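Student: I have a new model open. How should I read its features? Please take me through them briskly.

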Amino acid sequence: MISINVQILLIILFWNSDCQIIPRIEECGLSCSQGIHCKSKPSSGIFNSFCHDAPATLSSTVLKSMKISTVMKCVQGSPCSLHLNIKGTLSLDENIRGLEICSLSLDTQQSQCTNVRFARKKSKMLNGKKVQVQFNCIEVNVAQHIYVTMKTVPNYCEVKLSQEYYVEAGKFDFKVDKTRKIISVNVSNFLRDQDYYVRLCHKWFTCEDAGAFAVIKGKESLKSVSLKYSQLLPCLCIEGWLAIPDARRIQLCPFENGKYCVLWDNIVYNPVTQTLAWEPACPVLVMVNLCRLMKSNDHCEDIQNSSKNSPEKVRAMQI
């Protein structure tokens, strides 16, 4: 008896999970560590847009770090809204009066800026000390592409932090019913009153349809759908996106490690030519070889010179 031993060596698909649980807040605001008193006010960003040379005593690393996340502001009786949660670390210096935090939507080119000012007397006393600034009052939309900058006030050249950020677009939980060949998908972390599309797709260079997509109505309390599949394959992914033009899509490919996947169904035996052929249903790099099943110990011994590494079809192999 001849069989094919298929071993998955490398999966070329990855899922970048940027869909964590979004923290909720009741109100937004500004806070500064180290007991530093600070306050904020809206800014047009125009007056601080031009930079000038920094004093020789000012380090270019006076701005240490900037981290961005998303929070959901939920006030009882009102719809929830998403806000950027921006944290930055600054080394206080007598040449710095404050910070300017700006966000630019790369989708709409609209910008929002805020000036953060420190109490000058205390900042002089704590010269050189690090202070962490947190601001979470910049409202954003689901799946928005944002460019965030943090500058000193005055704006010194080469003293700036910037980062691109994608606002979350939903979180998937799923269950597989292999008997009925159904994947139940639950979607959370997207705003009310927004419809959401979910589908199964096969991930190659793009994600190709593996059936019709389903719609989750934003006003419905039930945020789940059931999607039928034909085979559990490494390239089978769950894809979701908001029902808005050019919405960013997120993908979850839970079977990419090969667990529970079906790769054997694509083996074809031709009794006339006595050859076997195998073609992957997904983009996986595999090692394929013939082996001979020994009746004495039920062990399949590899046939010499029959191994082949391939991400594509392994053409008919002579027995």
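Student: How many helices and strands does the secondary structure of the protein come to?

Tutor: The model is predicted, so keep that in mind throughout. Its secondary structure comes to one helix and 25 strands.

Student: What share of the residues in the protein is buried?

Tutor: Buried means under 20% relative accessible area. Of the 319 residues in the protein, 43% are buried.

Student: What share of the contacts joins residues at least 24 apart?

Tutor: Start with contacts between residues at least 6 apart in sequence. Of these, 68% join residues at least 24 apart.

Student: Now disulfides. What is the general idea, and how many are there?

Tutor: A disulfide is a covalent bond between the sulfur atoms of two cysteines. A search of the whole structure finds seven. We will take three of them, starting with Cys28 and Cys137. Their S to S distance is 2.2 Å.

Student: Where do Cys28 and Cys137 lie?

Tutor: Cys28 sits in the loop between β2 (24-25) and β3 (30-32). Cys137 belongs to strand β9, residues 130-140. The pair therefore ties together parts that are 109 residues apart in sequence.

Student: Which hand does the link of Cys28 and Cys137 have?

Tutor: Read the angle about the S-S bond. Here it is 105°, and the link is right-handed.

Student: Next pair. Which residue does a disulfide join to Cys102?

Tutor: Cys113, with an S to S distance of 2.0 Å. Cys102 is in strand β7 (residues 98-105), and Cys113 is in strand β8 (residues 111-118). The two cysteines are 11 residues apart.

Student: Why is the disulfide of Cys102 and Cys113 called right-handed?

Tutor: Because the torsion about its S-S bond is about 115°.

Student: Are Cys102 and Cys113 buried or exposed?

Tutor: Buried. Cys102 counts as buried because its relative accessibility is 10%. Cys113 is buried too, with a relative accessible area of 11%.

Student: What about Cys201? Where does this residue lie?

Tutor: Cys201 is in strand β14, residues 196-203. At 0% relative accessibility, Cys201 counts as buried. Cys201 forms a disulfide with Cys207, their sulfur atoms 1.9 Å apart. With 70° about the S-S bond, that link is right-handed. Cys207 is buried as well, at 10% relative accessible area.

Student: What else is in contact with Cys201?

Tutor: Set aside neighbours within four places in sequence. Contacts of Cys201 then include Cys207, Asp209, Cys235 and Cys237. For a distance across the fold, take Cys201 and Tyr229. They are 28 residues apart in sequence and 9.5 Å apart in space, C-alpha to C-alpha.

Student: Let me try a side chain. What does the side chain of Thr70 make a polar contact with?

Tutor: With the side chain of Tyr165, at 2.6 Å. Thr70 lies in strand β5, residues 63-73. At 2% relative accessibility, Thr70 counts as buried. Beyond four places in sequence, Thr70 touches residues including Ile22, Pro23, Leu82, Tyr165 and Glu168.

Student: Now the backbone. What kind of peptide bond joins Val153 and Pro154?

Tutor: Look at omega. It is about 0° here, and the bond is cis. Pro154 is found in the loop between β10 (145-153) and β11 (160-166).

Student: Where are Glu158 and Lys181 placed?

Tutor: Both are in loops. Glu158 is between β10 and β11, and Lys181 is between β12 (171-177) and β13 (182-188). Glu158 counts as exposed at 72% relative accessibility. Lys181, at 39%, counts as partly exposed.

Key:
Residues numbered from 1 in each chain as written. Predicted model: local features only at pLDDT ≥ 70, side-chain atom pairs only at ≥ 80, totals over all residues. Heavy atoms only, no water. Helix = DSSP H or I, 4+ residues; strand = E, 2+ residues; numbered from the N terminus. Buried < 20%, exposed > 50% of the residue type's maximum accessible area, 1.4 Å probe, protein only. Polar contact = N/O pair within 3.5 Å; in protein donor to acceptor, adjacent residues only side chain to side chain. Contact = heavy atoms within 4.5 Å. Disulfide = S-S within 2.5 Å.
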